[in-house]
Amino acid sequence: MNIKAVIDRFEGSKAVLLVGDQEIGVAWPKQLLPEAKEGDILAIQITVDVAATQQAQADVDALFEQIVRRNNGENAKS
């Protein structure tokens, strides 16, 4: 998904972005922006990181299994 956002203004450490055609206001950490000024238009690409999502789910599953083993009195070595 590609989205356009306009830097509306800066407020302290945040930038207020007006995102998309509906200009939805979003506060964004200024430090996570490229060098830019008010009025600049940002091109934002949002994708799902499938591999990272799967790894996070596997980590949660492994941790849950360890907890279940400990609660059942089994030795949970991994």
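## A salt bridge within a helix

The side chains of Glu65 and Arg69 form a salt bridge, with an N to O distance of 2.6 Å. The model in which this pair is found is a predicted one. Both residues belong to helix H1, which covers residues 50-71; they lie 4 residues apart and are therefore separated by about one helical turn.

Glu65 has a relative accessible area of 41% and is partly exposed. Arg69 is likewise classed as partly exposed, at 28% relative accessibility.

## The network around Arg9

A network of salt bridges links Asp8, Arg9 and Glu11. Within this group, Arg9 pairs with Asp8, and their closest N and O atoms are 2.3 Å apart.

Asp8 is partly exposed, with 32% relative accessibility. The relative accessible area of Arg9 is 34%, which also places Arg9 in the partly exposed class.

## The Lys37 and Asp40 pair

A further salt bridge joins Lys37 to Asp40, where the closest N and O atoms are separated by 3.0 Å. How do the two partners stand in terms of exposure: is Lys37 buried or exposed? Lys37 counts as exposed, at 54% relative accessibility, whereas Asp40, at 22%, counts as partly exposed.

## Overall count

In total, the structure contains 4 salt bridges. Among them are the pairs Glu65 with Arg69, Arg9 with Asp8 and Lys37 with Asp40.

Conventions. Residues numbered from 1 in each chain as written. Predicted model: local features only at pLDDT ≥ 70, side-chain atom pairs only at ≥ 80, totals over all residues. Heavy atoms only, no water. Buried < 20%, exposed > 50% of the residue type's maximum accessible area, 1.4 Å probe, protein only. Helix = DSSP H or I, 4+ residues; strand = E, 2+ residues; numbered from the N terminus.
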